[in-house]
Amino acid sequence: MNNMKISIIGAGQVGSTTAFLLALKELADEVVMVDINPSVLGKALDMNCCSPLEGFRTKITGSTDYSAISGSAVVVITAGLARTPGMSREDLLLKNKEIVEGAASKIKEFSPEAVVIVVTNPLDVMAYVAWKATGFPKQRVMGMAGTLDSARLKYFLSEELGANPREIEGLVLGAHGDSMVAMPALTKIGGKPVGQHLSPEKLQKIISRTQNCGAEIVNLLKTGSAYYSPASSVVTMVQSVINDERKVVPCSVCADGEYGYSGIFLGLPAVLGKDGVEKIIEYPLAPEAKALLNKSAEETLKIIQGLAA
Ligand code: APR
């Protein structure tokens, strides 16, 4: 195996599903879950008992003690409160800020070289909070959102067109919220722009469903929010980092002049490798798409400025 440890802070629905997927794929020697709830030990034991059945050699550890994350190559933060029906991501802001700051300070103490992937909502703001609280270089802190939003777009397109989801290239940028921006010009099926396969009305319906998919799932679940696809999206990002795959993954990253933004976390296409965000890719954007991206960035900026005030 690769002699690596991956840790997850917050072993709720998203955190524990992520841990299990990482183990099934044997992406690390050890996967550590830390939670304030001692039930995390039971979850780890339950998962480890799957190893003879599934054939994985990854060891899963559950702990209430943050020192268990020592020496991790990647730490994922999913600790926080999840949305309930009628609750916006922004409602969660202050409570989750406190939780993410606490987790970030422990990462700084026990895994100062780690790449950090934030999942806690409101996502772009929490990635910013984790960046500030760790004091890590911006390359080593990112948020998981665009990967998930793009996967949802691709899934809905594959359903509509009866196409293999793997054959669809799709990109959703901007903040992880109502202002996310799907990029039809960068969305292709079998190499052809999506506009050649679908009417503008059908495409708009699919984009709206993608934007509202998180809320659609919350309403169907009744308690909690989505976790299978968020966990799968985290695993895609972890895999690109630990295997130095340098995959282009849309995720929340700290821009440094790219697309005209600086010092703000926003969903942009990023190359993920062993050092974290290796590069942010700048695609030419149509003026309408850029205007929507600007609006999305402004919303996140307003919240960040509100936090600082
Ligand atoms: N340290 C460690 N774990 C914590 C802390 C803390 N300070 N505070 C809360 N937790 C844990 C909870 O005990 C719980 O197990 O975080 C976990 C959150 O899990 P869930 O409530 O199941 O939430 P989940 O659906 O996993 O979502 C987690 O991801 O997608 C986002 O909006 C979602 O912000 C939410 C996060």
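Analyst: Let's start with V74: beyond its neighbours within four places in sequence, V74 touches K5, I6, S7, V115, I117, V238, V241 and I242, where contact means heavy atoms within 4.5 Å. Bear in mind that this is a predicted model, with local features needing pLDDT of at least 70, side-chain atom pairs counted only at pLDDT 80 or more, and totals for chains, interfaces and linings using all residues. Numbering runs from 1 along each chain as its sequence is written, and side-chain values use heavy atoms, leaving out hydrogens and water.

V74 also turns up, with V238 and L272, among the residues with the most contacts inside the largest nonpolar core, which has 83 residues. A nonpolar core here is a set of buried Ala, Val, Leu, Ile, Met, Phe, Trp, Tyr and Cys residues joined through side-chain atoms within 4.5 Å; buried is under 20% relative accessible area, exposed is over 50%, and partly exposed is in between, using a 1.4 Å probe and protein chains only. Helix α5 (residues 123–134) is the top contributor to this core, giving eight residues. Helices are DSSP runs of H or I with at least four residues, strands are E runs of at least two, and both are numbered from the N terminus. Domain 1 (5–143) and domain 2 (146–308) each put at least three residues into this core, with the bounds coming from an automatic or database domain assignment. Apart from it there's another core, of 14 residues, including V172, I189, L198 and C213.

Now for the open space. The second largest pocket has a volume of about 820 Å³, and of its 43 lining residues, T78, A79, G80, L81 and A82 are the closest to the centre. On a 1 Å grid over the protein atoms alone, a pocket is an open set of points where a 1.4 Å probe fits, with protein on both sides within 12 Å along at least five of seven lines, and lining residues have an atom within 4 Å of a point. Grid points are joined across faces, edges and corners, and the volume is the space filled by probe spheres set on the points. α4 gives this lining the most, with six residues.
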